[in-house]
Amino acid sequence: MKRAVFPGSFDPITIGHYHIVKKALGIFDEIIIAIGNNSTKNYLFGKEQRLRMIQQAFENEKKVKIEFYDELTVNFCKRLQVRYIIRGLRNSGDFEFEKSIAQMNQKLQPDIETVFFLTDEQYASIQSSIVREIYKNNGDIRQFLPPNVTLP
Ligand code: ADP
């Protein structure tokens, strides 16, 4: 069984994240969406809110599991005996950044491989940080969220 971890802050999950998971479901048998819960980070949405939104997005998808984690991503993967990390790429900025992380993770855990999915063009400009700004300023963010997700 091929299992992968998709780590992120998901503050909040966007339709961009959602489509990366959909693509990855064509390749992996189980995807664990790993919600980073770093105690030093200030999230806009609390951990339970972020969890609930992801649950709503994948309500009927049995191959998707959701976990919190607060440790090195590769250590989390090792503990769960997962050999693949999924990351999404929107542009060359993402590529350069993600390449460094993946290569450093490779040094930390050579048996864990990072697999990249290129986002579809229509989602390439969607980023959680901008979605948060719109939300904080009372804008309507629903079009940037996956289907079936309701706001807290
Ligand atoms: P992190 O804090 O780890 O960057 P994010 O939740 O912002 O967490 O992103 C998690 C992953 O999802 C990253 O690989 C990021 O590049 C990817 N991602 C974010 N937004 C999109 C999008 N619109 N399309 C494709 N991938 C995306």
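Two parts count as being in contact here when they have heavy atoms within 4.5 Å of each other. Keep that in mind for the helix stops on this tour, and remember throughout that you're looking at a predicted model.

**Stop 1: helix H4 on the sheet**

Select residues 92-108. That's helix H4, and it lies across strands E4 and E5. Its direction makes an angle of about 165° with E4.

**Stop 2**

Now show the strands together. There are five of them in an open sheet, ordered E3-E2-E1-E4-E5, and the pairing is parallel. Strand E3 (64-69) and strand E5 (113-118) sit at the edges with a single partner strand each, so one side of each has no neighbour in the sheet. Look along the sheet and you'll find a twist that averages 30° from one strand to the next.

What holds strands like these together? Strands of a sheet pair through backbone hydrogen bonds, either parallel or antiparallel.

Walk through some of the pairings:

- E2 (residues 30-36) and E3 run parallel, joined by six bridges. Pick Ile-31 and you'll find its bridge partner in E3, Val-64.
- E1 and E4 also run parallel, with two bridges between them. Click Val-5, then look opposite for Ile-85 in E4.
- E4 and E5 are parallel too, and six bridges join them. Here Ile-86 has Val-115 of E5 as its bridge partner.

**Stop 3: helix H1**

Select residues 15-24 for helix H1, which lies across strand E1 (3-8), E2, E3, strand E4 (84-89) and E5. Against E5, helix H1 runs at about 115°.

**Stop 4: the ligand**

- Ser-9 has a polar side-chain atom 2.7 Å from a ligand oxygen.
- His-17 has a side-chain N or O atom 3.1 Å from an oxygen atom of the ligand.
- Arg-87 puts a polar side-chain atom 3.2 Å from a ligand oxygen.

**Stop 5: an aromatic pair**

The model has five aromatic pairs. For one of them, select Phe-45 and Tyr-135, a tilted pair at 5.0 Å centre to centre with 45° between the planes. Phe-45 is in the loop between E2 and helix H2 (47-57), while Tyr-135 belongs to helix H5 (residues 128-136), so this pair ties together parts that lie 90 residues apart in sequence.

**Stop 6**

Pro-12 is in the loop between E1 and H1.

Finish at Gln-81, in the loop between helix H3 (73-80) and E4. Gln-81 isn't a glycine, yet its phi is positive, near 55°.

Note on methods
Residues numbered from 1 in each chain as written. Predicted model: local features only at pLDDT ≥ 70, side-chain atom pairs only at ≥ 80, totals over all residues. Heavy atoms only, no water. Pairing = 2+ DSSP bridges. Helix = DSSP H or I, 4+ residues; strand = E, 2+ residues; numbered from the N terminus. Axes fitted to C-alpha atoms, helices over the stretch in contact; angles between N-to-C directions. Polar contact = N/O pair within 3.5 Å; in protein donor to acceptor, adjacent residues only side chain to side chain. Phe/Tyr/Trp six-rings, centres within 6.5 Å; stacked < 30°, edge-to-face > 60°.
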